[in-house]
Amino acid sequence: MHPPLFRPHPQCGEMVEKLVACHNEHSIGKWFGACNQLKNDLDECFFLEKETKRQANLAKARDFDAKFEEYLLKKEAAEAAAAAAAASAASAASKSIPK
């Protein structure tokens with residue numbers, strides 16, 4: 001099986017057109033292997049196209065993960081600083097109250 005042929009395939013558009021043309025020329029022969037070599041070539045092209053997309057998506061995800069990790073570290077540092085400031089203020093307030 002292959003993905004739908006009538007959607008954009010930037011790397012395989014020409015092969016899709018050739019396979020569709022072969023199917024149109026050999027309306028019965030397509031069922032008996034007349035277009036098998038074109039289909040095999042197209043399947044290989046789709047595999048390479050998918051691999052290219054997968055690598056791009058993986059790079060994008062890793063970039064997002066790095067930025068998110070940086071965000072979490074900054075947020076954690078800000079929360080720690082706020083907690084330290086609150087503790088310091090509470091300590092100073094307790095010292096200023098006479099017993």
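This is a predicted model: local features need pLDDT of at least 70, side-chain atom pairs count only at pLDDT 80 or more; totals for chains, interfaces and linings use all residues.

**Entry 1: cross-links**

I searched the whole structure and found two disulfides. I took the pair C12 and C45 to begin with. Their sulfur atoms sit 2.0 Å apart. I then asked for the hand of the bridge. The torsion about the S-S bond of C12 and C45 is about -100°, so this disulfide is left-handed. C12 belongs to the segment before α1 and C45 to helix α2 (residues 36-96), so the bond ties together parts 33 residues apart in sequence.

I looked up burial for both ends, with under 20% relative accessible area as the cut-off. C12 has a relative accessible area of 0%, so it is buried. C45 counts as buried too, at 11% relative accessibility.

I moved on to C22 and C35. Their sulfur atoms are 2.0 Å apart. The S-S torsion of C22 and C35 is about -95°, so I noted a left-handed disulfide. C22 lies in helix α1 and C35 in the loop between α1 and α2, 13 residues apart. C22 is buried at 7% relative accessible area. C35 is buried at 3%.

Counting bonded cysteines along the chain, the pattern is 1-4, 2-3.

**Entry 2: H9**

Is H9 buried or exposed? I found 6% relative accessibility, so H9 counts as buried. H9 sits in the segment before α1 (13-25). What does H9 touch, leaving aside its neighbours within four places in sequence? I listed P3, P4, V16, F46 and E49.

**Entry 3: the whole chain**

I counted two helices and zero strands. I checked the radius of gyration and got 31 Å, whereas a compact globule of 99 residues would have a value near 13 Å. Along the principal axes, the C-alpha atoms fill a box of roughly 100 × 15 × 15 Å.

I looked at burial across the chain. Of its 99 residues, 11% count as buried. The chain exposes about 8200 Å², and carbon and sulfur atoms supply 62% of that area.

Residues 24 or more positions apart account for 58% of them.

I found 14 positive and 14 negative charges, with mean positions 9 Å apart.

Definitions and conventions
Residues are numbered from 1 along each chain as its sequence is written. Side-chain values use heavy atoms; hydrogens and water are left out. Helices (H or I, at least four residues) and strands (E, at least two) are DSSP runs, numbered from the N terminus. The radius of gyration is taken over C-alpha atoms; the globule rule is 2.2 Å times the number of residues to the power 0.38. Buried means under 20% relative accessible area, exposed over 50%, partly exposed in between (1.4 Å probe, protein chains only). Contact means heavy atoms within 4.5 Å. Accessible areas come from the Shrake-Rupley method with a 1.4 Å probe; for residues, only the protein chains shown count as cover. Lys and Arg count as positive and Asp and Glu as negative; His and the chain ends are not counted. The place of a charge is taken as NZ of Lys, CZ of Arg, CG of Asp or CD of Glu. A disulfide is a pair of cysteine sulfur atoms within 2.5 Å.
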